[in-house]
Amino acid sequence: MFVSSYDSKTHYDEMFEADGSCRPHYSELLDMLKSLSVEKLQQLQFTTDKAQMAMGMTFNVYHDKQGIEKILHLDIVPRIINAAEWEKIETGLKQRIYALNLFLQDVYNEQKILKDKILPKELVFSCPGYLKPCEGLTPPKGIWCHITGTDLVRDKNGEFYILEDNLRCPSGVSYQLESREIIKRVFPNMLSKLGVAPVSNYPNRLLNILEYLSDKEKPVVGVLTPGIYNSAYFEHSYLAHSMGVELVMGQDMVMVKNHVFMLTTNGLKQIDVLYRRIDDTFLDPDVFNPESLIGVPGIFKAFKSGNISLANAPGSGVADDKAIYAYVPKIIKYYLDEDPILPNVPTYLCSDEKDRAYVLDHLQDLVVKETNAAGGYGMMIGPRASGKELKTFTRLIKENPRNYIAQPTLSLSTVPTLVDSQLEPRHVDLRPYILYGEEIEVIPGAFTRVALKRGSLIVNSSQGGGSKDTWVLQH
Amino acid sequence: MLSRVANSVYWLGRYLERSENYSRFIDVNFNLMLDLPPNVKEQWEPLIRATGDYDLYTSHYESFDRETAIYFLAFDKHNPNSLISSVTNARENARMVREILTKESWEKLNELYLFVKDGADKETWKSEGAVRFFTDVKYGIQLLYGIADNSVARTEGWYFSHLGQYLERADKTSRILDVKYHILLPSADEVGSPLDFLHWTALLKSVSGFNIYRRFYGKIDPFHIVELLVLNKYFPRSVFFCLTNAEICLRTISGTSGKGYSNSSEKSLGALQSQLEYQDVNDVISSGLHEYLDGLQIKINKISDTIHDNFFKLNSTFTNQKNIQE
């Protein structure tokens with residue numbers, strides 16, 4: 001494989017130094033890639049695509065009328081994170097999730113952080129993710145965010161930054177696990193040679209933290225899905241399948257005396273723990289969105305009475321609001337009296353007058369994001385935006401400043417990616433998964449998303465992104 | 001097992017079996033064509049009539065030529081029973097219950113779906129590849145049965161899918177047999193002629209029953225063919241064999257042992273099964289073969305309806321049951 005034309009100067013490249021020399025933890029992989037012909041690599045890529053199709057590793061695209069099922073392109077070149085880098089990520093994430101969980105417990109109960117004026121009250125209460133019905137609530141074992149998928153990016157100096165906290169229903173973990181299964185077959189010897197940490201026991205760990213939420217010896221656990229038309233249905237069924245638990249839909253459940261039961265061929269069966277993959281507000285039409293057809297009327301009351309455990313707890317979305325994000329370093333300091341191990345990307349809140357003025361003045365240099373949007377929707381990248389887009393966002397920000405934040409445009413790191421007949425640098429992000437049960441665990445791996453278009457910074461699968469297997473080295 | 005899941009598993013069994021049988025329907029004619037004398041025309045209309053979708057066909061198409069008929073039976077998405085509709089439905093049902101399928105089963109079914117879809121898009125069946133295509137579909141489905149046979153636990157799910165499969169097969173065997181009723185002979189004199197025998201042979205081959213027939217009965221003779229396909233105790237595609245096994249599945253699901261019945265599905269299925277158990281081929285023929293088969297199909301449909309009521313209908317009366325744990 002020919003690599004001399006590879007450009008590693010413009011951005012932080014994870015395989016190559018700026019002078020073109022290979023970083024030590026990538027050298028064995030590079031040697032192996034060099035030993036393969038272009039045809040061989042293309043053939044491996046082809047079998048990878050075929051395997052994904054056969055496995056039905058598909059996702060559904062919203063706003064796309066033709067063919068609802070697509071595969072998420074999996075690039076065969078893995079992304080490697082060395083042990084030292086990983087250790088920092090791991091401790092940093094544990095710290096962050098621990099603090100965010102304390103924040104959630106506090107903000108729905110004593111609200112000390114608001115009384116101490118660390119966070120403006122209005123900002124918290126105006127979060128769409130702040131759910132008033134959760135006030136006074138302590139979920140089982142005091143855990144709110146059982147499963148988190150945090151997005152990180154690397155800047156031009158190679159430093160990792162937290163980009164987004166996803167505390168509601170973060171998806172992608174099934175791709176991480178299935179991608180590993182495929183890449184294992186593509187490069188069978190490399191993983192053990194390099195000492196790559198295994199990820200395959202994720203379902204087991206997930207089941208442990210779910211069972212931990214019930215006091216019963218053998219609780220009945222289920223995964224709650226909106227159904228086969230949801231874009232993450234593959235993942236929902238994958239997780240239920242690999243944990244050996246029921247995959248349920250709202251229509252499968254009824255409430256009896258404030259307990260939740262499944263309708264089975266043998267009558268009713270009580271359900272104790274639900275890993276719900278339905279948004280908070282769709283969970284219970286009695287309490288939240290009355291239009292919801294995918295939820296279970298009455299389930300929130302049962303949850304509040306302690307008759308069923310829900311992971312993640314409803315209401316946890318307030319902690320991943322993009323406006324609250326700006327305050328997370330302060331939140332960590334407030335609850336733990338520690339400095340954040342992993343830095344935030346500097347964030348300007350458009351609701352703040354001074355920040356807003358700065359944002360409107362420097363719009364063409366900034367990335368603007370809607371505070372409650374996900375999936376790469378509702379954002380604008382200043383340096384790439386047209387004059388028309390800049391105008392639209394100026395208007396939008398002025399109309400509803402609370403809805404927007406802005407951040408400097410980061411130059412994301414790149415990893416070599418197979419494009420046609422050569423390896424080219426493509427921008428990536430990193431989404432590790434964190435499980436909060438008896439203790440907090442970070443799964444040693446991640447869902448790496450890659451922007452397949454040259455120069456593009458948008459990695460979201462719904463916007464033409466692909467993925468890479470992520471290898472975390474044990475030493 | 002969740003009622004919704006049981007429902008999907010049951011239909012997964014039915015749709016897979018239906019897919020296989022639609023390939024077999026088409027096979028009747030392929031088998032015939034290989035042997036037909038040069039001056040005799042292919043007949044596609046009988047196949048369409050036997051599937052029960054004659055009205056749907058004639059509302060869309062005028063002629064019963066080979067290409068249109070194959071398209072309708074195999075690739076027409078507007079035909080809810082066509083091969084592609086059945087495979088798609090099987091896969092949709094499998095997707096809904098993917099968490100309980102083995103990885104291999106799901107992947108092979110998914111590949112089968114992609115294969116049929118690809119066949120429809122590329123229209124390989126219009127050329128010489130048709131026989132090969134439908135044979136591959138049949139093998140693809142049998143591979144699925146093979147995988148399931150030694151990897152699926154014999155619990156409720158297994159029995160629901162087999163219940164669906166056996167009821168579907170009973171229905172389709174009766175319809176394949178009915179094809180013969182609709183095939184026209186050039187004249188009444190031809191009954192018992194070599195051409196007549198050719199038709200019967202093609203029919204047997206399409207249900208993989210030709211060799212078994214030879215072993216059991218020897219010479220080709222309509223009476224015995226009817227006996228093999230309707231009443232035989234040992235042939236796995238005979239209506240009687242299918243109903244007997246469907247009944248075993250049903251009783252295992254509801255845990256009914258010994259005599260009698262514990263729900264309306266068991267009652268209607270048991271009644272039909274015993275009716276066949278005590279009939280001989282004269283009883284079948286004397287009431288008119290076509291009428292007899294028609295009656296069978298209606299009864300099988302009704303049995304399916306009672307299964308739906310007994311096990312799948314998300315019944316609000318559930319909540320009034322007494323066995324709810326507090």
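These legends walk you through several close-up views of a predicted model. Residues are numbered from 1 along each chain as its sequence is written, while chains are lettered from A and ligands numbered from 1 in the order in which they are written. Because the model is predicted, local features need pLDDT of at least 70 and side-chain atom pairs count only at pLDDT 80 or more, whereas totals for chains, interfaces and linings use all residues.

**View 1. Two domains of chain A.** Seven residues of domain 1 of chain A are in contact with seven of domain 2 of chain A; contact means that the C-beta atoms of two residues, placed from the backbone, lie within 7 Å. On the domain 1 side you will find four nonpolar, one polar and two charged residues. Here Ala, Val, Leu, Ile, Met, Phe, Trp, Tyr, Cys and Pro count as nonpolar, Asp, Glu, Lys and Arg as charged, and the others, Gly among them, as polar.

**View 2. Where chain A meets chain B.** Here 23 residues of chain A are in contact with 23 residues of chain B. Elements giving two or more residues to the chain A side include helix 2 (38–55), helix 9 (233–243) and strand 10 (259–264). Helices (H or I, at least four residues) and strands (E, at least two) are DSSP runs, numbered from the N terminus. The chain A side has 13 nonpolar, eight polar and two charged residues.

**View 3. The buried residues of helix 8 of chain A.** In helix 8 (residues 202–211), Tyr202(A), Leu206(A), Ile209(A), Leu210(A) and Glu211(A) are buried. A residue is buried if 20 or more other C-beta atoms lie within 10 Å of its own, with C-beta atoms placed from the backbone. Among the elements of chain A covering these residues are helix 6 (173–186), helix 9 and strand 20 (433–436).

**View 4. An open sheet in chain A.** Four strands line up in the order 14-17-15-16, with antiparallel pairing. Strand 14 (348–349) and strand 16 (379–381) of chain A are at the edges with a single partner strand each, so one side of each has no neighbour in the sheet. Strands pair if DSSP finds at least two bridges between them; strand 15 (residues 366–370) and strand 16 of chain A are joined by three. In one of these strands, strand 16, Ile381(A) is the bridge partner of Val367(A).

Terms used
Buried ≥ 20, exposed ≤ 12 C-beta atoms within 10 Å, placed from the backbone.
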